[in-house]
Amino acid sequence: MPYQSGEVPVVGDHARHITGKPGKVTAVALNQGNLRNEDQVRVQWDDGSTGVGLAPASEFIFVSKPSPSEIADFLSHCPVCKEPKHVSHDRDFLKVALENNEEIRACSICGHSWIVQDHEKDNLRKALKEGIV
Ligand SMILES: [Zn+2]
């Protein structure tokens, strides 16, 4: 299921939880919930907290698309397709995650989701620093 408002979730979307709390989507897993056809999202709340893990997108209402400056596009090797795929991530989230060497989950339009590998993270750090992505 997409957002409660019907849109398919995309990383960087601004969304509001059904409780009214606003946030920004930092990860998306399409059709990968415990329930069949459940889309899930991870959200960083606008108040700076990151309490939730992946939660059903149906608990969220779409607010607005991210501006292009908020999004970083890069290539990451999809272990299922066995080729590099375009991945979009929220730029601020990416910077913080790389700084702290946190796990970065890639979600691609091929529908797969995987963990970005260390050497890819090194390349990303460099690319972000040089302003390429
Ligand atoms: Zn794939």
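Good morning, everyone; the protein I want to show you has two helices and nine strands, where helices (H or I, at least four residues) and strands (E, at least two) are DSSP runs, numbered from the N terminus. Please keep in mind that this is a predicted model, in which local features need pLDDT of at least 70, side-chain atom pairs count only at pLDDT 80 or more, and totals for chains, interfaces and linings use all residues. Residues are numbered from 1 along each chain as its sequence is written.

Starting at the N terminus, the order of the elements is β-β-β-β-β-β-β-α-β-β-α. The radius of gyration, taken over C-alpha atoms, is 14 Å, close to the 14 Å that the globule rule (2.2 Å times the number of residues to the power 0.38) gives for 133 residues, so the protein is as compact as a globular protein of that length. Its C-alpha trace spans about 40 × 30 × 25 Å along the principal axes.

Let me turn to burial. Of the 133 residues, 27% are buried, meaning that 20 or more other C-beta atoms, placed from the backbone, lie within 10 Å of the residue's own, whereas a residue with 12 or fewer is exposed and one in between is partly exposed.

Finally, the backbone: most residues other than glycine have a negative phi. Lys-82, in the loop between β6 (71–78) and β7 (83–90), has a positive phi of about 60° although it is not a glycine, and Lys-82 is exposed, with 7 other C-beta atoms within 10 Å. Asn-101, in the loop between α1 (91–99) and β8 (105–107), has a positive phi of about 50°, and Asn-101 is exposed, with 10 other C-beta atoms within 10 Å.
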